[in-house]
Amino acid sequence: MGRMHQAAGTPVPPPTPLDPYVRVRGAREHNLRGVDVDIPRDALTVFTGVSGSGKSSLAFGTLYAEAQRRYFESVAPYARRLIHQIGAPKVDSVTGLPPAVSLEQRRSSPGSRSSVGTVTLLSNSLRMLFSRAGSYPPGAQRLDSDAFSPNTAAGACPSCHGLGRIHRTSEELLVPDPELSIRQGAIAAWPGAWQGKNLRDILDTLGHDVDRPWRELPAKDREWILFTEEQPVVTVHPVREAERIQRPYQGTYMSAHRYVMRTFADSKSATLRARAEKFLADSPCPVCEGRRLRPEALAVTFAGRTIAELAALALTDLDAVLASVPASVPASVPASAPSAGEAARVLAEDLRSRIGPVTELGLGYLSLDRTAPTLSAGELQRLRLATQLRSGLFGVVYVLDEPSAGLHPADTEALLGVLDRLKAAGNTVFVVEHHLDVVGHADWLVDVGPLAGEHGGQVLYSGPPRDLASVAGSATARHLFAAREPAGAPGPVRPATGAIRLSGVDRHNLREVEAEFPLGVFTAVTGVSGSGKSTLVGQVLAREVGERLAEADFPVRRLVEVDQKPIGRTPRSNLATYTGLFDVVRKLFTASPQARARGWKAGRFSFNVPGGRCETCQGEGFVSVELMFLPSTYAPCPECAGARYNAETLKVRHEGLNIAEVLGLTVESAAAFFAQVPAAARSLRALEDIGLGYLRLGQPATELSGGEAQRIKLATELQRLRRDHTLYLLDEPTTGLHPADVRVLLRQLHGLVDAGHSVVVVEHDMAVVAGADWVIDLGPGGGTAGGRVVAAGTPSQVASAAGSRTAPYLARALGTVRGG
């Protein structure tokens with residue numbers, strides 16, 4: 001039935017062997033120069049090269065983008081027309097490319113309701129466990145799994161809507177200075193300008209004394225003015241001002257509390273929301289006590305704990321609880337559920353099998369309720385990677401962006417094992433990576449360079465790692481095969497000029513920690529992920545120094561924290577706007593003869609206000625394309641083609657370039673272009689010196705990695721270097737840097753120490769740690785297994801410390817230099 005028969009006499013064609021390579025021809029995305037490259041499928045391929053060389057443009061901008069384009073074409077006929085809007089990657093052809101899954105670090109951050117549990121889908125399994133095998137109170141009805149989720153109406157606490165925290169106002173927040181009268185602006189939470197005057201006039205009309213100091217008003221009146229839900233409408237007769245006739249009008253009163261809450265909840269303006277938030281106190285919800293769920297869900301237990309208590313455990317501790325689950329019916333299980341014991345065992349085993357890959361990747365210190373915005377980009381990517389191990393996908397390309405970022409060397413071997421298992425499951429793995437252990441583990445290397453930006457964009461080598469050694473122009477080859485030296489090693493250990501002592505530190509997983517940070521030297525803080533490094537440096541040390549800066553005898557006069565948070569959260573923020581360079585550029589264009597002839601001011605050359613910007617995209621350079629059943633994406637603006645400005649504005653030129661073309665220059669090109677403009681040249685030189693010469697001036701903040709954002713902040717700080725003793729705190733400054741770029745960065749940081757300042761870095765790169773003056777190692781493990789100082793001393797002393805997971809890797813980094 002339904003069988004097909006070969007026609008008599010027709011020869012059966014021999015099976016054609018499948019081409020085992022992905023073949024790219026003529027790739028021209030970003031700085032790629034017509035790249036031709038062949039990459040094997042079913043292998044682990046690592047893309048290497050200095051920062052900005054073009055490796056991400058090849059892996060993500062070309063290969064993944066082309067796979068995504070083909071997917072759009074295949075899903076529905078209407079999607080084909082969207083391809084023209086979204087734009088295809090600039091490449092002549094790509095053959096042999098399977099479907100692709102991207103795990104990129106620059107993807108939009110999850111919202112506050114997203115957590116470790118939702119990212120990994122572990123929350124779904126835990127909810128199912130409580131629904132099917134939880135211990136219910138006598139007579140209680142069994143709940144669906146949705147009832148255990150704070151993100152559903154069935155489960156969320158009705159008081160805080162599942163957030164666990166509530167925002168409240170108080171008289172002290174709304175009226176910070178009770179000596180003022182209402183007319184003088186006592187109610188600071190009210191809006192300014194006409195709207196604030198309107199509310200004051202309404203109160204005056206209602207009979208309230210707006211000229212008496214606030215503290216002298218009757219308590220009953222103060223309560224009504226600030227908190228009433230009433231909205232009386234009155235006829236206001238404004239006080240007549242000189243030369244202005246103001247007619248009576250109908251005014252509606254709104255209390256300060258109502259105004260603040262409505263603005264915070266409904267305003268589309270980030271500025272207004274931020275202002276309203278200043279008058280709100282954030283506190284745990286009194287109904288659910290911060291546990292986010294309804295009482296019915298919190299009454300159900302498993303192994304003697306509520307779902308909120310299990311979600312708050314570190315994953316390693318949760319795994320231990322689940323491991324002790326007996327295959328018997330739990331207490332208080334209704335007789336109608338005789339299979340509950342078996343369900344408990346099966347569901348607990350399934351949950352443990354899902355926790356396994358997460359702990360294997362060094363993330364066992366995280367809890368399921370840890371919110372996603374508090375995770376680093378590296379942690380988030382490894383969580384997604386752990387989830388993919390359970391997906392069972394076969395025959396796809398995984399494209400990963402520096403999965404070793406933020407990973408201690410002790411955890412790198414586990415990462416390599418995970419990548420190997422993805423490959424063994426029948427997949428192709430493409431990794432953009434700088435970590436030399438990952439590079440050396442690859443089956444195939446694609447080395448892009450030789451340098452960054454317009455001096456890169458060529459494939460220097462494509463083949464097995466061992467043969468890269470013969471490629472003369474490869475910076476990767478020099479570091480992969482040469483004896484590794486401490487990056488930026490300053491020679492002999494510098495003597496400390498003082499110290500900051502912390503004692504009795506008790507925060508997060510830090511317990512009664514004693515630590516001493518020497519001054520006038522380069523200090524590296526080490527330890528596995530979750531050991532407490534960022535807490536000790538970014539929270540405790542930073543707070544201690546910040547509070548003591550005003551003390552006359554305190555040796556540190558300035559504190560500079562350089563973190564990896566974005567320099568802006570929208571594409572409107574970019575390199576030029578953050579550094580102040582854009583103000584200089586706009587002044588130059590405003591001073592041009594063409595602009596003066598038209599009477600244009602600097603605002604004409606801003607893409608944030610009407611006038612000179614393209615109104616189709618409102619100066620963003622792109623428009624949102626709705627894909628209905630897929631997340632919306634962005635396409636270049638059809639009117640300005642991404643230039644951001646209207647055609648009239650683009651007619652004005654400075655030294656032959658219009659403003660859009662200037663924003664398209666790399667830092668290196670701009671340095672030559674603005675060589676005679678001191679205000680611009682200083683900013684550009686600082687960016688170049690820190691290894692960011694390949695970035696474009698107008699590169700949106702959303703396209704920058706955390707490491708790039710951190711180095712931009714550091715460059716901005718280096719421009720205004722002062723003589724006062726400054727303490728610089730940096731969290732993993734070498735993240736995303738090629739070993740060649742690490743040396744450039746470390747030269748700057750050691751230069752700060754040589755100039756008499758102090759530098760403290762949280763760091764995993766052992767070559768950096770080996771070149772430090774002092775090392776503080778936390779651990780020994782992560783989460784509850786960490787949180788104490790395991791060793792402190794010079795790199796040599798820490799390298800020989802017993803019980804330190806860092807010691808053997810630091811000893812290896814030191815030993816390669818000393819010949820042993």
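**Stop 1: a pair of helices**

Select helix α14 (residues 377–389) and helix α15 (residues 409–424): their axes come within 10 Å and cross at roughly 40°. That makes α14 oblique to α15. Oblique covers the angles left over once those under 35 degrees (roughly parallel), over 145 (roughly antiparallel) and 65 to 115 (roughly perpendicular) are set aside. Axes here are lines fitted to C-alpha atoms, for helices over the stretch in contact, with angles from 0 to 180 degrees between N-to-C directions.

A note on the model: it is predicted, local features need pLDDT of at least 70, side-chain atom pairs count only at pLDDT 80 or more, and totals for chains, interfaces and linings use all residues. Residues are numbered from 1 along each chain as its sequence is written, and side-chain values use heavy atoms, with hydrogens and water left out.

Helices (H or I, at least four residues) and strands (E, at least two) are DSSP runs, numbered from the N terminus.

Now look at how the pair is turned. α14 passes α15 in a left-handed crossing. Left-handed means that the near helix is turned anticlockwise from the far one by less than a right angle; clockwise would be right-handed.

Which residues meet between α14 and α15? Show the side chains of Leu 385, Gln 388 and Leu 389 in α14. They meet Leu 415, Val 418, Leu 419, Arg 421 and Leu 422 in α15.

Stay on α14. Its 13 residues reach 19 Å from first C-alpha to last, close to the 18 Å expected at 1.5 Å a residue. The expected span is 1.5 Å times one less than the number of residues. Ten of the 13 residues of α14 are buried, so α14 is largely enclosed by the rest of the structure. Buried means under 20% relative accessible area, exposed over 50%, and partly exposed in between (1.4 Å probe, protein chains only). Among the buried residues of α14 are Gly 378, Glu 379, Arg 382 and Arg 384.

**Stop 2: a bent helix**

Select α18, residues 533–548. Its 16 residues should span 22 Å at 1.5 Å a residue, and the end C-alpha atoms are 21 Å apart, which agrees. Where does α18 bend? Go to Ala 542, where the bend is about 30°. That bend is the angle between axes fitted to the seven residues ending there and the seven starting there. Ala 542 is also one of the buried residues of α18, along with others including Leu 536, Val 540 and Val 545.

**Stop 3: Val 556**

Move to the loop between α18 and β17 (558–562), and pick out Val 556. Is Val 556 buried or exposed? At 0% relative accessibility, it counts as buried. Leave aside its neighbours within four places in sequence. Val 556 is then in contact (heavy atoms within 4.5 Å) with Ile 500, Leu 519, Val 545, Leu 549, His 725 and Leu 727.

**Stop 4: His 738**

Select His 738, in the loop between β20 (726–731) and α26 (739–754). His 738 is buried, with a relative accessible area of 3%. Beyond neighbours within four places in sequence, its contacts are Gly 49, Val 50, Ser 51, His 434, Ala 475, Thr 476 and His 479.

**Stop 5: backbone details**

Two peptide bonds to inspect come next. The bond from Gly 449 to Pro 450 is cis, with omega near 5°. Pro 450 sits in the loop between β12 (444–449) and β13 (458–463). A cis bond also joins Gly 779 and Pro 780, with omega about 0°. Find Pro 780 in the loop between β22 (774–779) and β23 (788–793).

Then select Asp 42, in the loop between β2 (35–40) and β3 (44–48). Its phi is near 60°, a positive value in a residue other than glycine. Asp 42 is exposed, at 52% relative accessibility. His 161 has a positive phi too, near 55°. Look for His 161 in the loop between α4 (122–133) and β6 (165–168).

**Last stop: zoom out**

Show the whole protein: 29 helices and 23 strands. Buried residues make up 50% of its 820 residues.
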